[in-house]
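Biologist: I'm new to this one, could you bring it up and walk me through a part of it?

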Amino acid sequence: MNLQLLTTMMHFEVDAANPLEEVTGSNIGDEDIPVGSTFTAITKTQVSGHIPHLTCIDLGVAASIRLTLKNVEFYGRNIEVIPQGHTAKLIVEGDGMDTLISLLQARKAREHIFIACST
């Protein structure tokens, strides 16, 4: 019998990041992202068109990273997950912050940047 392990990617939309390894944004996925998760990719999308005919174009993986989620600040308190559908401030550790900051600084109008990890 051939069993395949299915993994899904969880995406955190990044609004801002700084050299202190702080990232702010939103968990746009259907699952909570737990402390200890490792983000392995930066992905991008571009929105085109006008309301009500908007199209989201997947621009794919912009860079590989390895940022481990160390802390989640949610409404002024520390919690163990980034709740689905909510904003939060993250503290991360690892490789890729410089790349993330550079991509944020260079992003174009209507471009969205995400960090992704697998379940």
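This is a predicted model: local features need pLDDT of at least 70, side-chain atom pairs count only at pLDDT 80 or more; totals for chains, interfaces and linings use all residues.

Biologist: Okay, which strand does Thr-45 lie in?

Modeller: Thr-45 lies in strand β4, which covers residues 38–50.

Biologist: And is Thr-45 buried or exposed?

Modeller: Thr-45 counts as buried, because its relative accessibility is 13%, and the cut-off for buried is under 20%.

Biologist: What does Thr-45 touch, leaving out residues up to four places away in sequence?

Modeller: With those left out, Thr-45 touches Cys-56, Ile-57, Asp-58 and Leu-59, and also Arg-110, Glu-111, His-112 and Phe-114.

Biologist: Switching to the strands, how do β4 and β5 pair?

Modeller: β4 pairs with β5, residues 53–74, in the antiparallel sense over 12 bridges, and the two form a hairpin that has 2 residues between them. Within that pairing, Val-47 has Cys-56 in β5 as its bridge partner, and Cys-56 is also among the residues that Thr-45 touches.

Biologist: How many bridges join β5 to β8?

Modeller: There are 7 bridges between β5 and β8, which is residues 87–95, and these strands run antiparallel; Thr-68, for example, stands opposite Glu-93 in β8.

Biologist: What about β5 and β6, how do they run?

Modeller: β5 and β6, the latter being residues 77–79, run antiparallel and are joined by 3 bridges, with Glu-73 standing opposite Asn-78 in β6.

Biologist: And which residue takes a positive phi in the hairpin of β5 and β6?

Modeller: That is Tyr-75, with a positive phi near 50 degrees, in a hairpin that has 2 residues between the strands.

How values were computed:
Residues are numbered from 1 along each chain as its sequence is written. Side-chain values use heavy atoms; hydrogens and water are left out. Helices (H or I, at least four residues) and strands (E, at least two) are DSSP runs, numbered from the N terminus. Buried means under 20% relative accessible area, exposed over 50%, partly exposed in between (1.4 Å probe, protein chains only). Contact means heavy atoms within 4.5 Å. Two strands pair if DSSP finds at least two bridges between them.
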